[in-house]
Amino acid sequence: MRHLLLVAACLALPGVAASQPTIYTDEATYLADLAVLRGSTLHESFEDGAVWADSRNAISNPGSTPSVTSQGLVWTSNYVQNDLATGTVGGSAPDGAYAIYSLPHGMTTDSGLYCDSAEDPDIPIECFQNDGLTVAAPVGGMLYAFGGRIDTANSGKGTFLLDGVDVNANDTDNIDNWQREGDLADGWAFVGVIDPDGFAFVELQELRGKDAQQVLLFADDFIIRASGPACSNGLDDDGDGLIDFDGGESIWGACTGAPGGCPAEVSDPDGDGMANPDPQCVDRPWRTRESKSACGLGFELLALLVPLLGSLRSRAGGR
C-alpha cells in the first residue's frame with residue numbers, strides 16, 4: 001500500500017506554472033535570489049587579456065571583434081553589423097581596467113527623421129539607437145540570471161530582452177511608449193534580471209538614445225547564473241524531477257515521470273526513466289538485472305501493482 005500511495009502521489013502532481021522575469025536595481029537582493037537558482041555563478045569583468053585581446057580598443061591602438069566566447073558565454077553587439085569592444089572608458093570601469101560596449105554604438109542610420117522629442121510616443125521606431133549587447137548561454141545550456149553595472153553618461157535607460165522578449169514592454173505606466181520603458185542605467189548603476197525558467201540568450205539594450213542623439217551604453221562587472229548542457233551538469237535541466245547526467249538519471253526522492261529532454265530518458269529500454277543498467281547497478285552483481293529494492297523503481301513497480309489493483313477492485317465489487 002505504501003508503494004501504491006507513492007505512485008498515486010507521483011501521478012497527481014500538478015503542473016508547474018511558468019514564472020515571470022524579475023528586474024533588479026538592488027545588487028544585494030539580486031545576489032540573494034540568484035544564490036538559490038540552478039546552475040553556477042559566473043563573474044565577468046573583461047580582464048582576461050588572452051580571451052579579450054581582439055576586443056581591446058583604444059585611440060592609440062583601436063581594435064574590435066564580432067564576438068568573444070568567455071567562460072562558455074558568447075558575447076556580441078546587439079546589431080550584427082557592429083563589433084564588440086572593451087576599453088578603459090576614461091579609467092572609470094568599476095571592476096578592473098576594462099568595460100564592454102558595442103562599436104559603433106547602436107544603430108546609426110542618419111535617417112533624417114524627426115527624433116527630437118523626448119516624450120512623444122509617436123516617434124518612429126527607426127529613430128531609436130538601442131545601443132547594447134547580446135549574450136548567449138553555453139551550447140546546450142541556459143541562463144537564469146544576468147546583471148551588471150551600466151553607465152551611459154547621459155541619463156540612459158536600460159532593459160533586457162530574454163529570448164527576444166522585452167521584460168519591460170508590458171509595463172502599464174507608459175504602455176503607449178513601450179520602446180523607452182526601462183530602468184535607470186547611468187553612473188554605473190546595477191541592473192539585473194532573473195527568470196527561474198531560464199533563457200537561451202539575453203540582450204541588454206539602452207532605450208533613450210535616438211538618431212543623431214545617441215546615448216552610449218558601457219557595461220562591466222557582470223554576475224551571471226548559467227548551466228551547461230543538459231544531462232551533464234548534475235542538475236534537473238529538463239524539469240522532470242530527475243537529476244540529469246550523461247549515463248542516465250537518478251530517481252531517488254523523485255517521481256520518474258514521462259520521458260523528457262535528456263537522451264537517456266528517450267532511449268530507456270526498461271521504461272523506468274533511467275538507462276539500462278541503471279547507474280546505481282553499475283559494478284554490482286545484478287548490473288544486467290535490476291533489483292527492485294535498489295534500482296529500477298519505475299514501470300517495474302507499476303507492472304507489479306496492476307494485478308494488485310485488479311484484485312482489490314474484484315474484492316470491492318463482490319461486497
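Guide: What follows is a walk through the salt bridges and their partners. The model is predicted, so local features need pLDDT of at least 70 and side-chain atom pairs count only at pLDDT 80 or more, while totals for chains, interfaces and linings use all residues. Residues are numbered from 1 along each chain as its sequence is written, and side-chain values use heavy atoms, with hydrogens and water left out.

A salt bridge here is a side-chain nitrogen of Lys or Arg within 4 Å of a carboxyl oxygen of Asp or Glu. By that rule there are two salt bridges. In one of them Glu27 pairs with Arg149, and the closest N and O atoms are 2.4 Å apart. Glu27 belongs to helix α2 (residues 27–34) and Arg149 to strand β8 (residues 142–151), so the pair links distant parts of the chain, 122 residues apart. Helices (H or I, at least four residues) and strands (E, at least two) are DSSP runs, numbered from the N terminus.

Arg149 also forms a salt bridge with Asp221, where the closest N and O atoms are 3.6 Å apart. Asp221 lies in strand β14 (residues 218–227) and Arg149 in strand β8, so this pair ties together parts 72 residues apart in sequence. Through shared partners, the salt bridges join Glu27, Arg149 and Asp221 into one network.

As for accessibility, buried means under 20% relative accessible area, exposed over 50%, and partly exposed in between (1.4 Å probe, protein chains only). Glu27, at 18%, counts as buried, and Asp221, at 13%, also counts as buried. Arg149, at 22%, counts as partly exposed.
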